[in-house]
Amino acid sequence: MTVKVTVKLFAAYQEAYGVPEIILEVAPGTTVQALGDRVRQPYPELRWLAPLTRYGVNYEFADPTQPLQNGDELVLIPPVSGG
């Protein structure tokens with residue numbers, strides 16, 4: 001059995017993937033941090049964001065150690081700059 005999670009991508013994440021969201025299947029018990037790492041893995045230019053990214057699950061900030069559930073929506077929130 002797998003857990004299906006929708007991952008919303010913003011800023012550098014969306015630029016790397018070229019889409020605003022992806023749907024991934026993971027093993028039960030996969031944590032927010034583990035899925036974030038999986039999202040960054042194919043794009044070396046995103047790896048520096050690992051310690052700076054905040055996470056949200058189902059419209060609430062989430063602890064990186066939180067396990068994901070089937071149907072969750074994970075948001076990767078990179079640091080934002082502006083002026």
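Which residue forms a salt bridge with Asp37? I looked this up and found Arg40, with the closest N and O atoms 2.8 Å apart. I took a salt bridge to be a side-chain nitrogen of Lys or Arg within 4 Å of a carboxyl oxygen of Asp or Glu.

I noted that the model is predicted: local features need pLDDT of at least 70, side-chain atom pairs count only at pLDDT 80 or more, and totals for chains, interfaces and linings use all residues. Residues are numbered from 1 along each chain as its sequence is written, and side-chain values use heavy atoms, with hydrogens and water left out.

Entry on Asp37 and Arg40. I placed both in helix H2 (residues 32-40), three residues apart, which separates them by about one helical turn. Helices (H or I, at least four residues) and strands (E, at least two) are DSSP runs, numbered from the N terminus. Arg40 is buried at 2% relative accessibility, whereas Asp37 is partly exposed at 36%. Buried means under 20% relative accessible area, exposed over 50%, and partly exposed in between (1.4 Å probe, protein chains only).

Entry on Lys8. I found a salt bridge from Lys8 to Glu21, the closest N and O atoms lying 2.5 Å apart. This pair links distant parts of the chain, strand S1 (residues 3-8) and strand S2 (residues 21-26), at a separation of 13 residues. I recorded a further salt bridge between Lys8 and Glu73, at 3.9 Å between the closest N and O atoms. Here Lys8 in strand S1 is joined to Glu73 in strand S5 (residues 73-77), 65 residues apart.
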